[in-house]
Amino acid sequence: MTRSFFRGLSIRAAICVVLSLAFLMSCLWYNRRVTRSREQDEYREEYGSLLMASEYRSLKSDVLKNHEDVKSVFSAYDDTGRLLGYIVDVEMQTEAGYVHTQMSISDSGENLLNIRVIDEEEDGPYFSEEEMDILREQLKGARIPVSVRQDVAADIPYQVDYDPLLGLHDGVYYSKNEEPSKDGYTDYCEIEVSGGRIVRATWDAIDEQSHSTRSKDSISGDYKISGNIWADQAYRLQNHLVLVQDPVKLAMKSDGKTEIIEGVTIDISTFVKLVNACIGYSRTSYTKDMYLADHTAKENSDDKKETTPVPTPEVTQSPDPSEPTSQDTTPSAEPTKAPSQIGVIGGEDGVVSGDDENVLSDSVDGIPMSEIRAYIEGLPEDKIRTASLLTTVNQAYKFIREYLNWVG
């Protein structure tokens, strides 16, 4: 056998080795591709209802060590590789019990896209599909972090730094503008009186064409103003009224603004007018049901030139609703008149001295109220379960906020 024979044999052997390696690499690549495709199919089946994507990647970040309640995070991409958002899995103990949720959050980390509750054997709150549909409708596209609109319940002790107005009768009272404002929304206000004190106030407005509310549109970004979103400012204003009781103490200036409520820069004159009307209705026991019944009857008879006007208490004409009237002196139920427990500086500016804790909480889930970006009504008559769900959302927000700042 000659040298040329061995050379040819070596070349053929090398070619066989190269072809074998290429074949093995192709098999390995194909197997990995099949495995990856199967894995992505499983991810799409699991997370597609939250956020449909072409590819899901498990997020490995040291930031996860700081958030033990966040069990896993996936980033989602379209077929061009563009980031669509994040899938966050949160399991944690809340005030209502153990809650396990999965949610999708926008790529900017600002908006909640979708959410679902994972049923567990652990002791915790149950959410029916009907209830989740209600919550999803309210949370869809909402900016995070988020809170229940009314964090103060009517049956808990209230701060009594300010005396209640005289002559208020317990019940729910309502007032609405006859015509829409310049922005196209018709404003309405509702207060609840318990024990002679205002324990809840709600201010919102409805677009008669779209049937959407100003607060909801401000949360979605369809209604924009300078400063905090309108829903946030209205929420702060409502809570401050519950604290001071008297609209005069909101310190509205001649231009309709107030400078004593942090974060409130909107014109509050409409709110003050409608609240004064509600206070007047409370003093005459003209309830929300009576108001709506009368106005429904009025709307049904608009074709008649003469209609019976809705009785409007004379007290609403007074610029100071706290000034006693003839109706104030003969209330049917004596209102609670708890004396002020701490000093008040400047009765009309809402400034309180002393270090007593304010029951109007200044934080939600450890997040300052100034950082809350959206408020929802939640499940009717069940704020605790709603709050437990939102706690998991806010926990996801804490992770996303830290993660995006870290990678940025």
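Two strands are taken to pair if DSSP finds at least two bridges between them, and the helices (H or I, at least four residues) and strands (E, at least two) are themselves DSSP runs, numbered from the N terminus. The structure is a predicted model, in which local features need pLDDT of at least 70 and side-chain atom pairs count only at pLDDT 80 or more, while totals for chains, interfaces and linings use all residues. Residues are numbered from 1 along each chain as its sequence is written, and side-chain values use heavy atoms, with hydrogens and water left out.

With these conventions, strand β4 (residues 97-106) and strand β5 (residues 112-117) pair in the antiparallel sense over five bridges, and Thr101 has Val117 of β5 as its bridge partner. Five residues lie between the strands of this hairpin, in which Gly109 takes a positive phi near 80°.

An open sheet is built from three strands in the order β7-β8-β9, with antiparallel pairing. Because β7 (171-176) and β9 (197-207) stand at the edges, each with a single partner strand, one side of each is left without a neighbour in the sheet. Neighbouring strands of this sheet are turned by 15° against each other on average, direction ignored, where axes are lines fitted to C-alpha atoms, for helices over the stretch in contact, and angles run from 0 to 180 degrees between N-to-C directions. Strand β8 (residues 185-194) is joined to the antiparallel β9 by ten bridges, and Glu192 has Arg200 in β9 as its bridge partner. Helix α6 (residues 288-300) packs on the sheet and touches β7 and β8, its direction making about 35° with that of β7; contact here means heavy atoms within 4.5 Å.

A salt bridge is a side-chain nitrogen of Lys or Arg within 4 Å of a carboxyl oxygen of Asp or Glu, and Lys288 forms one with Glu190, the closest N and O atoms being 2.6 Å apart. This pair links distant parts of the chain, since Lys288 lies in helix α6 and Glu190 in strand β8, 98 residues apart. On the scale used here, buried means under 20% relative accessible area, exposed over 50%, and partly exposed in between (1.4 Å probe, protein chains only). Lys288 is partly exposed, with a relative accessible area of 24%, whereas Glu190 counts as buried at 13%. Glu190, Glu192, Arg200 and Lys288 are linked in a network of salt bridges.

In helix α4 (residues 230-244), Asp232 and Arg236 are four residues apart, about one turn of the helix, and their closest N and O atoms are 2.8 Å apart in a salt bridge. Asp232 counts as buried at 2% relative accessibility, and Arg236 is buried too, with a relative accessible area of 15%. In helix α2 (residues 129-139), Asp133 and Arg136 are three residues apart, about one turn of the helix, and their side chains meet in a salt bridge (3.2 Å, N to O). Asp133 counts as partly exposed at 46% relative accessibility, and Arg136 is partly exposed, with a relative accessible area of 22%.
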